[in-house]
Amino acid sequence: MRIFLLTKSPQSERTRLCLQLIARSPDAVVYLAGDAVYNLLGDGESLTIGACPNSQASQTGQALTAAPLPAHRIFACREDLQARGVCPDGKAVVLDDFYDRLVEDIMKDGSRVYSF
């Protein structure tokens, strides 16, 4: 399993890089902390595998053919959601023990860990 810890907002270049790496990782799990919970707002396009706001498909208005990352593989920090007033609307699993679960996944299953 490849574990991605994303802390940047949707407008960040680091977020776009993270999404590109997720697109190449069929076994990806994403942990959203800090401003990264804003990625759950809107239509969820920012968490679509391979969908980046500056991608050529987005600029030309073409439909994105990539499937969204399943909600059961996206974890969000409850405190960060509450602090920013973001409602996940079923797009992510909200964890009370976010950091405990992150460390556990890294120690048990993380073949690769990426932090953005």
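Reply: Asp35 counts as partly exposed, with 34% relative accessibility; on this scale buried means under 20% relative accessible area, exposed over 50%, and partly exposed in between, using a 1.4 Å probe and protein chains only. Keep in mind that this is a predicted model, where local features need pLDDT of at least 70, side-chain atom pairs count only at pLDDT 80 or more, and totals for chains, interfaces and linings use all residues. Residues are numbered from 1 along each chain as its sequence is written, and side-chain values use heavy atoms, leaving out hydrogens and water.

So who does Asp35 pair with? Arg84 forms a salt bridge with Asp35, and their closest N and O atoms are 2.9 Å apart. A salt bridge is a side-chain nitrogen of Lys or Arg within 4 Å of a carboxyl oxygen of Asp or Glu. This pair links distant parts of the chain: Arg84 is in helix α3 (residues 78-84), while Asp35 lies in the loop between β2 (28-32) and α2 (56-60), 49 residues away. Those names come from DSSP runs numbered from the N terminus: helices are H or I with at least four residues, strands are E with at least two. Arg84 is partly exposed too, at 27% relative accessible area.

By the salt-bridge rule, the count comes to six.
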